[in-house]
Amino acid sequence: MDVSFLGGPHPQRGVGVVAPFDFALDRELWRWIPDDVSLHLTRTPFVPVEVSLDLARLVSEHETLREAVQALCAVAPEVVAYACTSGSFVGGAVGERAMCAAMELSGEVPSLTTSGALLEALEELGARRVAVVTPYTRSVTDSLEAFLGEAGIEVTGRSYLGLTREIWRVPYRDVVDMAREAVVDAPDALFISCTNLPTYDVIPQLEAELRMPVLSANQVTVWSALRRIGKDAVGPYQALLDPVARRGPASMSSLPPGPPVPPDGATEPGNLAGLPGPSAEREPEPAVAGAEPEAAEGAEPPPFPDDLGGLPPL
């Protein structure tokens with residue numbers, strides 16, 4: 001059969017991604033990518049260090065970034081993103097800008113980082129007060145709060161797991177539990193940090209429950225990179241990607257969150273194989289106790305989006 005009429009594959013737009021050596025969520029990044037865009041990923045060299053401020057500094061050294069960008073440029077991406085939150089906020093605002101400059105100098109291509117993309121997304125949504133969820137230790141979480149503070153962003157509440165390895169194994173249930181704990185004092189938005197923490201399916205559900213925009217590290221990285229080349233990220237109903245969603249439940253931040261969803265036998269936070277539970281050193285959040293409004297008798301739980309890829313309500 002003559003198939004010459006097909007004329008070959010459709011042209012692809014290229015987005016280069018530099019990720020840390022332990023990045024395990026390639027598939028999650030792809031889920032936000034439109035069909036006519038390809039991701040070209042490369043990883044930083046392995047170093048035998050657990051997730052910490054030291055690791056964040058090692059995987060973000062300028063020489064490491066320059067070599068990674070040079071490798072990516074062999075396939076001519078139109079933009080390069082450094083997909084690591086801690087690695088891009090550990091040096092503060094000045095360090096983040098210096099990383100972008102080093103990558104652009106190496107590849108002569110527009111470059112961005114996850115932390116820079118976060119600030120861009122917060123500006124897009126007009127959010128100045130945020131709650132923060134991280135899988136990190138306290139010291140790494142403190143560094144994120146300091147980075148946001150430099151940009152004039154107030155952290156109203158935070159929750160973290162204290163993990164130093166295998167962050168990609170954290171289930172959605174633990175992310176939701178941390179989010180509910182962190183969103184005290186009516187923030188403008190919630191940010192879920194770390195590109196190695198799964199978030200794709202949980203974002204629309206959290207926006208519906210918490211009545212505020214929810215951002216995640218991988219989401220803002222892909223959104224910002226695609227924006228640089230005039231493309232839109234794709235994904236289920238969420239405020240950052242869909243202006244309609246900003247006028248829906250995610251815009252109703254003045255309303256109290258709905259009643260918590262029953263656990264349905266789900267495991268408690270921290271019951272991960274070989275992983276510690278929520279950090280004992282987490283700051284006390286006295287406002288959390290009893291923060292959820294008591295549901296009226298016979299009241300139904302809030303509706304959830306039905307486009308969670310088969311994920312049952314949490």
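Me: Which residues of H9 are buried?

Reply: An α-helix has 3.6 residues a turn, so residues three or four places apart point the same way. Buried means under 20% relative accessible area, exposed over 50%, and partly exposed in between (1.4 Å probe, protein chains only). In H9, Val202, Ile203, Pro204, Gln205, Leu206, Glu207, Ala208, Glu209 and Leu210 are buried, that is, nine of nine residues in the helix spanning 202-210. Helices (H or I, at least four residues) and strands (E, at least two) are DSSP runs, numbered from the N terminus. This is a predicted model, in which local features need pLDDT of at least 70 and side-chain atom pairs count only at pLDDT 80 or more, while totals for chains, interfaces and linings use all residues. Residues are numbered from 1 along each chain as its sequence is written, and side-chain values use heavy atoms, with hydrogens and water left out.

Me: What do the buried residues of H9 pack against?

Reply: Contact means heavy atoms within 4.5 Å. The partners are helix H8 (172-182), strand E7 (189-192), strand E8 (214-216) and H10. Just after H9, Arg211 has a positive phi of about 60°.

Me: Which residues touch the most other members of the largest nonpolar core?

Reply: A nonpolar core is a set of buried Ala, Val, Leu, Ile, Met, Phe, Trp, Tyr and Cys residues joined through side-chain atoms within 4.5 Å. Here the largest has 84 residues, and Val15, Leu148, Leu190 and Leu206 touch the most other members. Beyond four places in sequence, the contacts of Val15 include Val37, Leu39, Val79 and Ile229.

Me: How many cavities of 30 Å³ or more does the structure hold?

Reply: Rolling a probe the size of a water molecule over the atoms shows where empty space is left. On a 1 Å grid over the protein atoms alone, a cavity is a set of points where a 1.4 Å probe fits but cannot get out; lining residues have an atom within 4 Å of a point. Grid points are joined across faces, edges and corners, and a volume is the space filled by probe spheres set on the points. There are two. The largest has a volume of about 160 Å³; of its 16 lining residues, Pro20, Asp22, Cys84, Ser86 and Cys194 are the closest to its centre.

Me: How many disulfides are found?

Reply: A disulfide is a pair of cysteine sulfur atoms within 2.5 Å. The whole structure has zero.

Note on methods
1 Å grid on protein atoms, 1.4 Å probe; cavity = no way out; pocket = protein on both sides within 12 Å on 5 of 7 lines; lining within 4 Å.
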